[in-house]
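Trainee: I have a structure to read and would like a guided tour. Where do we start?

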Amino acid sequence: SNLSASCWSRLHPVNMFNSYNVKFHHSKALASPYPGSQVERSQVPEDKVGWLTEWKDYNPVEYTAKSVLAGPSWADPQINDEGFSPKFNERDGEVERKSLNGLYVVENGRPRNPVGRTGLTGRGLLGRWGPNHAADPIVTRWKRDGSGNKVAHPVSGKNILQFVAIKRRDCGEWAIPGGMVDPGEKITATLKREFEEEALNSLQKSPEEKAKLEKQLQKLFSQEHLVVYRGYVDDPRNTDNAWMETEAVNYHDETGETMDNLPLEAGDDAGVVKWVDISEKLELYASHSYFIKLVTEKRGAHWSEDPGSECHE
């Protein structure tokens, strides 16, 4: 890539384990209480997050949600359960247990979070031991005025991008309409399916309506797209033994014609869905602001009113 000198390469997940990015990648995964519970994590000082720092007194809280222990189809059994011998760091039947960030350590039969301590062991709300794979489709268009001209930001002078955002029902935060990769499912299929379910309410549509949506979306999802991030996600659900990883992919509607004809309608896990103007003022779920910022850098769109902010730490 000819971008090696820019901040794109420094922030790219291949360099994720340098000190700057570890700090960036591990704040929400240390927050208490744990989502959907009253469980408080053991406090982990910043200098003790990394596993290479010895900490004999580390005493994390063990927690796996009842909804996971109930054994739904999307969850693994407990590590000691009879007949459960997961193949970590490889494809295990239909379940992908490889990490996008390379090999992870398995200690006492349990995978270890590659970014460091979280103050909590077990799986929390996550179904899989080790990596839990998600996909985040970032659907964008240019903001346009009544005459159809692109709208530039008055301070930066750069054109304003908009993306389809959902308001999550579980926590009330705005987010990219993504979701978990089903066992055996290709990532491209997950990206399209999640967008249909969350932003177009496809699960509630008749077969005819669904077929019409599929046809319109096919054009957008089959065109050239941009993989903006692949790797570990700083997510409030992460634990020492289970963590979120995602592939964030940008599908851009350059003319706006494809998405203009698609009726946005919140479905599945979404409470509200709408087009949102992109800027650094956005407060989004998990690492979603970071992914959105990467899209603006790649598209040359507006992000900040501060001209020096594009590449600072």
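**Reading a predicted fold**

Mentor: Partly exposed lies between buried (under 20% relative accessible area) and exposed (over 50%), with a 1.4 Å probe and protein chains only. This is a predicted model: local features need pLDDT of at least 70, side-chain atom pairs count only at pLDDT 80 or more, and totals for chains, interfaces and linings use all residues. Residues are numbered from 1 along each chain as its sequence is written, and side-chain values use heavy atoms, with hydrogens and water left out.

Trainee: Where is Arg299 found, and with which residues is Arg299 in contact, leaving aside neighbours within four places in sequence?

Mentor: Contact means heavy atoms within 4.5 Å. Arg299 is in helix 7, residues 288-299. Beyond those neighbours, Arg299 touches Trp142, Leu161, Leu226, Asn250 and His252. Its C-alpha atom is 9.5 Å from that of Asn159, 140 residues away along the chain.

Trainee: What pLDDT does the protein average?

Mentor: pLDDT is the predictor's confidence in each residue, from 0 to 100. The average here is 86, and 89% of the residues score at least 70. Over residues 1-24 the pLDDT is below 50, though this stretch has 42 contacts in the model beyond near neighbours in sequence. Where pLDDT is low, the predicted coordinates should not be read in detail.

Trainee: How many helices and strands does the protein have?

Mentor: Both are DSSP runs, numbered from the N terminus: helices are H or I with at least four residues, strands E with at least two. The protein has seven helices and 13 strands. Of its 313 residues, 48% count as buried. Among contacts with a separation of 6 or more, 69% come from residues 24 or more positions apart.

Trainee: Is strand 12 mostly covered or uncovered, and which residues point each way from strand 12?

Mentor: In a regular strand the side chains alternate between the two faces of the sheet. Strand 12 covers residues 242-253, and twelve of its twelve residues are buried. Ala242, Met244, Thr246, Ala248, Asn250 and His252 point one way. Trp243, Glu245, Glu247, Val249, Tyr251 and Asp253 point the other way.

Trainee: Which way do strand 7 and strand 12 run, and which way do strand 11 and strand 12 run?

Mentor: Two strands pair if DSSP finds at least two bridges between them. Strand 7 (residues 130-142) runs parallel to strand 12, with twelve bridges. There, Asp136 stands opposite Ala248. Strand 11 (residues 226-232) runs antiparallel to strand 12, with six bridges. Arg230 stands opposite Glu247.

Trainee: How many aromatic pairs does a search of the whole structure find?

Mentor: Rings of Phe, Tyr and Trp (its six-membered ring) pair if their centres lie within 6.5 Å; planes under 30 degrees apart are stacked, over 60 edge-to-face, the rest tilted. The search finds ten pairs. Trp55 and Tyr58 have ring centres 4.9 Å apart and planes at 35 degrees, so the pair is tilted. Tyr104 and Trp243 pair edge-to-face, at 5.3 Å centre to centre and 85 degrees between the planes. That pair links distant parts of the chain, 139 residues apart: Tyr104 is in the loop between strand 3 (95-96) and strand 4 (106-107), Trp243 in strand 12.

Trainee: Which residue lies over the face of Trp55, and which charged end sits over the ring of Tyr58?

Mentor: A charge sits over a ring if NZ of Lys or CZ of Arg is within 6 Å of the ring centre and within 35 degrees of the ring normal. Lys48 lies over Trp55, 5.5 Å from the ring centre. Arg117 sits over Tyr58, 5.2 Å from its centre.
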